[in-house]
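Please read them with the model open.

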Amino acid sequence: MTRITVGAADIDFESIGRRDYFIKIEHPTKWGHYVIPMTIIVGAEAKTGKGMVAFGSTHGNEYEGPVAIKNVMRNINNEDVCGRVILIPVLNPSAFRSGTRDSQEDNGNLNRVFPGKKDGSITERFAYFVTEYIFPQVHVVLDLHSGGQLATFPGVSSFHHVEDEQQFKDMQSVAQGFGCPFTMFYQDETPGLLTSTAERLGKITVGTELGWGEAVIRDGVTMGERGVLSAAMFAGQLKEGPLPDKVSSDQKLVDGSSVTASHLAPCSGLFEPHVVVGDHVQKGELVARIHNFEIIDEDPIEVRASMDGYIICMAWHARVTQGITVALIGEQVEWSNT
Ligand SMILES: [Zn+2]
């Protein structure tokens, strides 16, 4: 595979065939660029503004997504692409290089600065590249995250609640394609997300949490590969074909958007979980205890479930600080896409 290095304005999104690029994003202060690896495959039936894009490593220390997308890049049969498939395994080469969630160049979090800025910091420039050059080419957007150092998950695909009924149904179908044990819709208050920006442009948008702990979890890679391929098929951009087996045959849809879903650490200390992700809990049940070792004879502070539901996310690191999310509970709801 020979990669050609081009500026964003010189990407060929139209010609039939496959192109493997490094996209130059000019560094704001140094004499040079960061380069984003990107493969585009265009088939004979590609239509303007229609296509599927999959992003990995929006955060630099989340690794199942980049590995899954790289596997798809190598294994996809170019002739099976009838529309437009865009694969970007490492969207944030700055944070990926340092193995950190945020960029060390500007302390920017790429998933908080959308829609980005043409002449902004390097992180804002990565976001601007996506908003300005990639979003207009596609109608399906996948952003593959994992828990990094923050949290552990049971394998989750996710999206926000949107008003448009068809978009909401389509997002359920694409999210289901990952074959995860859980799909969740969640609060849409956080500003600057890649996914929220795409959703508001009317795109069928799905995010994921495929693993945790800065590891490469086997099931997470499988879910990622399945999700990317099935989304491309659902979007009419890839001919129907075989998919990896689902990691879970019992896929649950949960609502994690209520104000009671998110459980914050009431104090700083060491986090002792009493349940594991994927468990069902009842309101009032003990989820975790937080230990303060500066007052050694004091009872630990309890975190109890504020509602019935499934544990969709839990703190990963032992050390937690007051106010950080240590658990998220999702209430099971019916799928409405069929
Ligand atoms: Zn992330």
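1. Glu272 is partly exposed, at 26% relative accessibility; partly exposed is the range between buried (under 20% relative accessible area) and exposed (over 50%), with a 1.4 Å probe and protein chains only. The side chain of Glu272 meets that of Arg289 in a salt bridge, at 3.2 Å from N to O. A salt bridge here is a side-chain nitrogen of Lys or Arg within 4 Å of a carboxyl oxygen of Asp or Glu. The pair links distant parts of the chain, 17 residues apart, with Glu272 in strand β13 and Arg289 in strand β15 (residues 286–291). Arg289 is partly exposed too, with a relative accessible area of 25%.

2. A word on the source: this is a predicted model, in which local features need pLDDT of at least 70 and side-chain atom pairs count only at pLDDT 80 or more, while totals for chains, interfaces and linings use all residues. Residues are numbered from 1 along each chain as its sequence is written, and side-chain values use heavy atoms, with hydrogens and water left out.

3. Strands β13 and β15 belong to an open sheet of 4 strands, ordered β16-β15-β13-β18 and paired antiparallel. Strands (E, at least two residues) and helices (H or I, at least four) are DSSP runs numbered from the N terminus, and two strands pair if DSSP finds at least two bridges between them. The edges are β16 (301–304) and β18 (319–320); each has a single partner strand, so one side of each is left without a neighbour in the sheet. Strand β13 (residues 269–273) is joined to β18 by 2 bridges, and Gly269 stands opposite Val320 in β18.

4. Leu270 also lies in strand β13. Its relative accessibility is 31%, so Leu270 counts as partly exposed. Together with Phe293 and Ile296, Leu270 forms a nonpolar patch on the surface, with about 310 Å² of accessible area in all. Such patches are made of residues with over 30% relative accessible area and no salt bridge; nonpolar side chains (Val, Leu, Ile, Met, Phe, Trp, Tyr) are joined within 5 Å, and like charges within 9 Å. The areas come from the Shrake-Rupley method with a 1.4 Å probe, and for residues only the protein chains shown count as cover.

5. How many salt bridges does a search of the whole structure find? The search finds 9. One of them joins the side chains of Glu14 and Arg84, at 3.4 Å from N to O. Glu14 lies in the loop between β1 (4–7) and β2 and Arg84 in strand β5, so the pair ties together parts that are 70 residues apart in sequence. Glu14 is partly exposed at 47% relative accessibility, whereas Arg84 is buried at 1%.

6. Asp20 and Arg18 also meet through their side chains in a salt bridge, at 3.1 Å from N to O. Asp20 is buried, with a relative accessible area of 10%, and Arg18 is partly exposed, with 24%.

7. Strand β3 (residues 33–42) has 8 of its 10 residues buried, so β3 is largely enclosed by the rest of the structure. On one hand, 10 bridges join β3 to strand β2 (residues 17–26), and the two run antiparallel; Arg19 stands opposite Ile40 in β3. The two strands form a hairpin with 6 residues between them, and Gly32 in the turn has a positive phi of about 160°. On the other hand, β3 pairs with strand β5 (residues 84–88) in the antiparallel sense over 4 bridges. The bridge partner of Thr39 in β5 is Leu87.

8. Ser94 lies in helix α2 (residues 93–98) and is buried, with a relative accessible area of 5%. Beyond its neighbours within four places in sequence, Ser94 is in contact (heavy atoms within 4.5 Å) with residues including Tyr34, Glu105 and Phe126. Ser94 and Glu105 are 11 residues apart in sequence and 7.3 Å apart in space, C-alpha to C-alpha.

9. A search of the whole structure finds 0 disulfides, a disulfide being a pair of cysteine sulfur atoms within 2.5 Å. For Cys180, the nearest cysteine sulfur is that of Cys313, 14 Å away. Cys180 is buried, with a relative accessible area of 0%.
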